[in-house]
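Hi everyone, thanks for coming.

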Amino acid sequence: MNKAILAILAAGGLLMVTAAAQSINAAGATFPAPIYQKWFNDYSKVKPGTQVNYQSIGSGGGIRQLTEGTVDFGASDMPMTDEQLSKVKVKVLHFPTVLGGLVPVYNVEGVSGDLKFSGDTLAGIFLGEITKWDDAKLANDNPGVKLPAKNITVVHRSDGSGTSFVFTDYLSKVSGEWKSKVGANSSVNWPVGLGGKGNEGVAGLVKQTPNSIGYVELLFAVQNKMSYGFVKNASGKFLKADFNTVTEAAAGAAKSMPADFRVSITNAPGANAYPISSFTWLLIPSKIDDASKRTTIKEFLNYMLTTGQKDAAGLSYAPLPKNVVAMEQKQINAIL
Amino acid sequence: MASTVLTSVPSPKRTRTFLQKLQDGDQVTHLITVMFAASVFLITLLLVYELWIRCGPSRSKFGLAFFFTKVWDPNAEQFGALPFIYGTIVTSFVALLIAVPLGVGAAIYLAELASPRWSNIFTFLIELLAAVPSVIYGLLAIFTIVPLMRDYVEPTLQGAFGFLPVFSGPIYGVGFLSASITLAVMIFPFIISISRESLMAVPREQREAALALGATKWESTYQVVLPYARLGIFGSIFLALARALGETMAVTMVIGNTPNISPSLFATGYSIAAVIANEFTEATGDMHLSALVELGLVLFLLTMIINAAAQLLIVATAGKGTKH
């Protein structure tokens with residue numbers, strides 16, 4: 001009896017040892033965490049014994065841990081800057097995984113339909129220059145809609161987030177004034193507005209505060225069935241964000257994709273490209289000393305780019321366009 | 001068993017070797033408890049040391065200006081702590097202003113006036129409130145306090161006292177006042193619970209003596225029992241203040257999160273703990289990170305200063321109770 005238990009324990013111990021050999025640690029962005037968890041979980045079934053521990057501690061934390069070498073790879077909603085890259089001992093490769101879009105959400109008295117926003121108008125509102133809903137610029141974007149003569153309450157993210165980075169990056173591209181006064185970052189010095197914590201904080205404040213406007217991730221708006229506005233893209237067309245228009249933005253940007261994939265696809269060219277879209281990246285060291293780890297990571301990347309992409313839409317992420325997938329598959333070979 | 005222990009007690013003159021002392025347990029207990037006590041001191045030292053080292057870049061770049069400037073711009077790497085210090089102090093102070101009279105008043109009722117049965121029921125409920133996680137208070141505040149403030153309380157206050165700067169400006173619902181009220185609700189159970197304990201600890205003779213001298217129930221409570229329990233009540237207030245200063249989750253949910261200094265309680269603001277929690281995870285710039293760590297150090301200093309002031313207050317008012 002005891003011997004049987006011992007044997008079971010020993011077998012369990014052996015299993016744990018083999019599992020430990022294949023255990024990989026990763027940390028970073030929270031926005032793609034749900035799909036990463038699913039991928040890592042599914043992949044451990046495809047390849048038994050592989051265990052990826054992903055801590056969704058934020059992009060900043062992911063980059064820091066990668067720099068300090070405490071994780072095998074990182075994940076981030078914004079590409080690493082040259083300065084950050086120079087601090088990591090080995091060269092870091094960026095692998096776009098999925099796409100996300102941001103949508104303007106609002107709560108305006110007497111307006112039930114969808115509102116339209118040009119980039120210039122959004123920048124004006126978030127700079128605090130457009131202060132009333134019946135401003136000429138807003139009226140110009142929304143012919144035929146009767147907007148109230150009420151003050152606009154701006155709501156932004158208070159926590160540092162990739163979402164804020166993408167939004168401020170977009171505003172920097174469409175407004176020179178935004179670029180020089182505020183700039184793009186995960187936390188910025190907002191000229192006006194209230195700060196809400198997380199997507200749910202922003203959405204909550206917008207729902208509760210009359211005549212307010214904010215921005216949330218498309219994923220969040222879809223899951224919570226919130227109505228959101230149209231945004232004017234680089235070719236002058238007002239578009240509503242969905243998985244197609246977001247993927248279209250990436251496809252449009254792919255033509256001029258830099259070799260290291262560090263690219264912003266906000267305000268991307270293309271008739272059907274949604275302007276406030278972004279990649280999210282895995283940050284993989286180009287040199288991995290442990291051979292079995294290296295193989296596992298490379299195989300996982302392949303899985304993510306092929307089978308994994310099919311999971312994207314189900315979890316409300318926009319999948320990568322085919323041309324980007326092909327480019328990334330080539331980059332996998334650069335991991336030595 | 002007991003007798004053998006008794007017979008083994010050494011005569012007072014007999015000197016014991018260190019080893020014997022160890023065997024008797026005195027020395028061991030002494031050593032272990034000293035170590036436990038020292039760990040508190042060591043942890044504090046380590047904390048300050050780590051904060052001090054990690055905020056090096058920010059300290060050398062901004063110096064003392066960090067405490068007096070208002071700009072918080074991660075992009076331009078300009079950091080000033082003033083709006084956060086202001087927000088932390090204002091919300092904690094207003095929260096105390098609301099919670100202390102309520103809390104001490106409730107404690108007096110529970111300790112002096114209520115029947116033991118009611119007192120026990122209330123105390124149980126209050127201790128339950130003290131155990132509610134702060135995120136729950138934050139959520140409740142978003143759904144109840146904020147709309148109530150925006151739609152009723154703040155417009156009414158502004159209508160009546162709008163000429164005062166504290167009640168001026170646009171009304172959002174979120175802001176200093178909502179954060180203060182949320183904090184007041186959170187710290188109120190601490191004040192009641194500890195104040196009640198210290199009021200109950202006042203010897204019965206004190207009350208009886210006062211009553212025998214012809215004092216009314218209220219006179220005995222106000223002039224004899226309250227001064228006697230003064231230390232415990234102050235203690236409860238400072239414990240509550242410490243919680244208010246460091247409260248993060250509930251505050252960030254209702255304060256509006258804008259680094260802003262405004263005399264109006266309706267304006268939105270920010271607190272030290274809230275900004276650290278909000279920005280730390282995504283802070284990629286070294287200077288940004290360093291400035292956030294320095295904010296942590298500032299919060300630590302603020303708590304130290306307030307605690308020291310509290311000690312002074314207790315010393316300054318010492319003996320008051322016996323003069324009556």
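A word on conventions: residues are numbered from 1 along each chain as its sequence is written, and chains are lettered from A and ligands numbered from 1 in the order in which they are written. This is a predicted model, where local features need pLDDT of at least 70, side-chain atom pairs count only at pLDDT 80 or more, and totals for chains, interfaces and linings use all residues.

So how confident is the predictor? pLDDT is its confidence in each residue, from 0 to 100. Chain A has a mean pLDDT of 89, with 94% of its residues at 70 or more. Over residues 13-20 of chain A, however, pLDDT stays under 50. Where pLDDT is low, the predicted coordinates should not be read in detail.

Now the strands. Helices (H or I, at least four residues) and strands (E, at least two) are DSSP runs, numbered from the N terminus. Two strands pair if DSSP finds at least two bridges between them. A residue is buried if 20 or more other C-beta atoms lie within 10 Å of its own, exposed if 12 or fewer, and partly exposed in between, with C-beta atoms placed from the backbone.

Please find strand β4 of chain A, residues 92-107: 16 of its 16 residues are buried, so the strand is largely enclosed by the rest of the structure. β4(A) pairs with β11(A), residues 277-285, in the antiparallel sense over 9 bridges, and there Gly100(A) stands opposite Ser278(A). β4(A) also runs antiparallel to β8(A), residues 212-217, joined by 6 bridges, with Pro104(A) opposite Tyr215(A).

Over in chain B, helix α3 covers residues 26-54.

Finally, where do the chains meet? The contact (C-beta atoms, placed from the backbone, within 7 Å) takes 27 residues from chain A and 23 residues from chain B. On the chain A side, α3(A) gives the largest share, 4 residues.

Key. Expected span 1.5 Å × (residues − 1). Contact = placed C-beta atoms within 7 Å. pLDDT = per-residue confidence, 0-100.
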